[in-house]
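Take a look at the sequence and the structure below.

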Amino acid sequence: MARGRFITFEGGEGAGKSTQLKRLAGRLQAQGLEVVATREPGGSPGAEAIRELVLNGAADRWSAVTETLLMYAARRDHVERVIRPALERGAWVACDRFADSTRAYQGAAGGVDPGLISALERFILADVRPDLTLIFDLAPKEGLRRAAGRGGEMRFESKGMDFHRRLRAGFLAIAEAEPARCAVIDAAGEIEAVAAAVWAAVEARLAVHG
Ligand code: TMP
């Protein structure tokens, strides 16, 4: 059985990743593929418990380094229990956020040493790396407006505009540094137009048909 493919959805707040992930998962299932749709932080019972800790409470509840370690504790559990087994049985995994969110939120925007983050990637993720990363790009003001409409402000939405500007620049820098893995998706358009851009990127980069 061939190993499945691993697609990650990344970007700032309110970029529409979750809606697009559901649509892509449905479209891949219609091709006869087994698709595991999951998210981070979370995706396994242990990682969902860590999600509660890390996303709730005051904006300064955790330092950026502590957040990095919590994200990686959650990610390791998710990789061990959900992502790796799925890929090994040939399923495709579509994950709402993954390691690039730590690089962008805790690293580029939060100031954590990129050396620490790449060491965690090396030791904790080992060979589990995305085949394709879709980076949903949107002006922070628009993203925060959309996220606010969704209600229930979370810790990262309450950080300042400068944080969100560094975040966007951080994601775009990842896309620029790793063009073979990453595709930037303009998230400002209508849902249908964004879905078409997502599908075009997946078809162009991964063998979807048999
Ligand atoms: P979301 O489910 O709305 O995408 O929220 C997850 C939040 O967690 C979002 O604000 C980004 C943040 N986050 C990090 O800061 N670092 C990470 O590594 C991950 C996976 C998420």
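## Contacts with the ligand

An oxygen atom of the ligand lies 2.5 Å from an N or O atom in the side chain of Thr-102. The model is predicted. For Arg-51, an N or O atom of the side chain is 2.9 Å from a ligand oxygen. For Arg-75, the corresponding distance is 3.0 Å. Taken alone, the ligand exposes 480 Å², and the protein buries 93% of that.

## The shell around the ligand

How many residues surround the ligand? There are 15, and the closest are Glu-13, Arg-51, Arg-97, Thr-102 and Gln-106. By type, the shell divides into 7 charged, 5 nonpolar and 3 polar residues.

Three helices each supply at least two residues of this shell: H2 (45-55), H3 (64-88) and H4 (99-109). Which helix gives the largest share? That is H4, with 4 residues.

Arg-97 is among the residues closest to the ligand. It sits in the loop between strand S3 (92-96) and H4. Is Arg-97 buried or exposed? Its relative accessible area is 12%, so Arg-97 is buried. The cut-off for buried is under 20%.

The backbone of Arg-97 deserves a look too. Most residues other than glycine have a negative phi. Arg-97 is not a glycine, yet its phi is positive, about 75°.

Most peptide bonds are trans. The bond from Glu-40 to Pro-41 is cis, with omega near -10°. Pro-41 belongs to the loop between strand S2 (35-39) and H2.

## Helix H6 and its two faces

Helix H6 spans residues 140-149, and Pro-140, Gly-143, Leu-144 and Ala-147 are buried there. Why do these residues lie on the same side of H6? They cover an arc of only 95° around the axis, which puts them there together.

The buried residues of H6 pack against helix H7 (161-177). The face turned away from the buried side carries exposed residues: Lys-141, Arg-145 and Gly-149.

Lys-17 is part of helix H1 (residues 17-30). Its relative accessible area is 8%, so Lys-17 is buried. Beyond its neighbours within four places in sequence, Lys-17 is in contact with Phe-9, Glu-10, Gly-11, Gly-12, Asp-96, Arg-97 and Phe-136.

Asp-137 lies in strand S4 (residues 132-137). At 16% relative accessibility, Asp-137 counts as buried. Leaving out residues up to four places away in sequence, Asp-137 touches Arg-168, Leu-172, Val-184, Ile-185, Asp-186, Ala-187 and Ala-188.

Ser-63 is in the loop between H2 and H3. With a relative accessible area of 41%, Ser-63 is partly exposed. Which residue does the side chain of Ser-63 join in a polar contact? The partner is the side chain of Thr-66, at 2.9 Å.

Now compare sequence with space. Ser-63 and Ala-86 are 23 residues apart in sequence. From C-alpha to C-alpha, Ser-63 and Ala-86 are 33 Å apart.

Notes:
Residues numbered from 1 in each chain as written. Predicted model: local features only at pLDDT ≥ 70, side-chain atom pairs only at ≥ 80, totals over all residues. Heavy atoms only, no water. Buried < 20%, exposed > 50% of the residue type's maximum accessible area, 1.4 Å probe, protein only. Arc of directions from axis to C-beta. Contact = heavy atoms within 4.5 Å. Near = heavy atom within 4 Å. Polar contact = N/O pair within 3.5 Å; in protein donor to acceptor, adjacent residues only side chain to side chain. Areas by Shrake-Rupley, 256 points an atom, 1.4 Å probe, with all protein chains shown as cover. Nonpolar A, V, L, I, M, F, W, Y, C, P; charged D, E, K, R; others polar.
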